[in-house]
Amino acid sequence: MNGQTPRPVRFELIRQDRQTAARRGRVSTPHGSFDTPAFMPVGTQGSIKGVLPDHVAKTGSQIILANTYHLMLRPGSKTVAELGDLHRFMAWPGPILTDSGGFQVFSLADLNKVSDRGVTFKSHIDGSEIFLDAHKSMAVQNDLGSDIMMAFDECPPGTAPADIQQRAVARTLRWAEECLATHARRSEQGLFGIVQGGTDLSLRHECARQLTAMDFDGFALGGLAVGEGFEGMKSVLREITPALPSDKPRYLMGVGFPRDIVAAVLAGVDMFDCVMPTRNGRNAYAFTANGPLRLRNSVHQNDPSPIEAGCDCYACGHFSRGAIRHFFFAGEMLGPVLVSVHNVRFYQRLMADIRRSIEEGVFEPFARNDPRCTLGPSLEEE
């Protein structure tokens, strides 16, 4: 990309925290801007499960994510393009990020074979064989028309042996070059590279060094929250995030609990996504500052309280814990919808407070003292 062509994705630094590496910024895209640090709800198959787009917007969400692998299989990227691209398909006029399909190399490991060329999947829908490589990933994402596309990468488990991590990094770098070479809409869609390497800091540094020499619009940290543990993740974040360009967005993929997000913001990360708010919401698990509520528990049967006092979401403004519990036991879809709405709003309220505390120069004490900032998995979830 030559210097005279404006980048489709641009990062503006608004405030750098003096005590930590945290930063407050704004990312501009062809479909509008979003404030950072930002959390992106996940719409795997073209929708935030069970939540209308205008309700997603009312949670404070400014950018959402969709999945290349799943949309490639059904309904197909050409169908999405013919229906007006992903923005019209999802009825979401704002920014959209698509992942590359690379994470499915990890999450669907029992259905795939990986080679230097790419990945051969067995479709989880009908068992048919599908080949996905860097060129195909770019073509699908170009069809989808997302504002931010992700380079195709290999994401091994965090605890994978050194030789597997090294091979994954070599493939990720090779595929990154191929993605840049085959990206057909450079002036309309941004493209982020993904740093892999597990918990091997020297390997991570080498991957970051080579990727940042390439012409990407932003950079992501992949292969975390995949078995390496919280302390391992923090070690990688502290060491590798500063190696990423300060004038471009930094994205931690697929993370996670509030404590994980806060730790990453402390290290200088700008963007996050996770299925947790909606997936947990569909299972009657509600996030609150005092810890999770399991709304199926009998203690909530006659409870007139909202999910969380002081929350301004639609669920908390209109429904009691007792009513929501009833919806789950009655098989009413409203139960999962309401808890999903609350959980996404919980995350967006946290992100807004993180941004505010950085602007006011008090993020370090905020991260230390706000009870939401330490919320992680319970013992049975770890």
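Before looking for pockets, I noted the term: a pocket is an open set of grid points with protein on both sides within 12 Å along at least five of seven lines, and its lining residues have an atom within 4 Å of a point. I also kept in mind that this is a predicted model.

**Entry: the largest pocket.** Which residues lie nearest its centre? I found F103, G254, C274, V275 and R279 there, among 48 lining residues. Next I checked which elements give two or more residues to this lining, and wrote down β4 (38–43), α5 (103–107), α9 (230–240), α10 (258–267), β14 (271–274) and α11 (276–281). Sorting the lining by class, I got 19 nonpolar, 18 polar and 11 charged residues.

**Entry: the whole chain.** I then stepped back and listed 15 helices and 16 strands. The radius of gyration came out at 20 Å, close to the 21 Å that the globule rule gives for 382 residues, so I noted the chain as being as compact as a globular protein of that length. Along the principal axes, the C-alpha atoms fill a box of roughly 60 × 50 × 45 Å.

**Entry: inside and surface.** How much of the chain is buried? I read 56% of the 382 residues as buried. For contacts with a separation of 6 or more, I saw that residues 24 or more positions apart account for 66%.

Technical notes
Residues are numbered from 1 along each chain as its sequence is written. This is a predicted model: local features need pLDDT of at least 70, side-chain atom pairs count only at pLDDT 80 or more; totals for chains, interfaces and linings use all residues. Side-chain values use heavy atoms; hydrogens and water are left out. On a 1 Å grid over the protein atoms alone, a cavity is a set of points where a 1.4 Å probe fits but cannot get out, and a pocket is an open set with protein on both sides within 12 Å along at least five of seven lines; lining residues have an atom within 4 Å of a point. Helices (H or I, at least four residues) and strands (E, at least two) are DSSP runs, numbered from the N terminus. Ala, Val, Leu, Ile, Met, Phe, Trp, Tyr, Cys and Pro count as nonpolar, Asp, Glu, Lys and Arg as charged, and the others, Gly among them, as polar. The radius of gyration is taken over C-alpha atoms; the globule rule is 2.2 Å times the number of residues to the power 0.38. Buried means under 20% relative accessible area, exposed over 50%, partly exposed in between (1.4 Å probe, protein chains only). Contact means heavy atoms within 4.5 Å.
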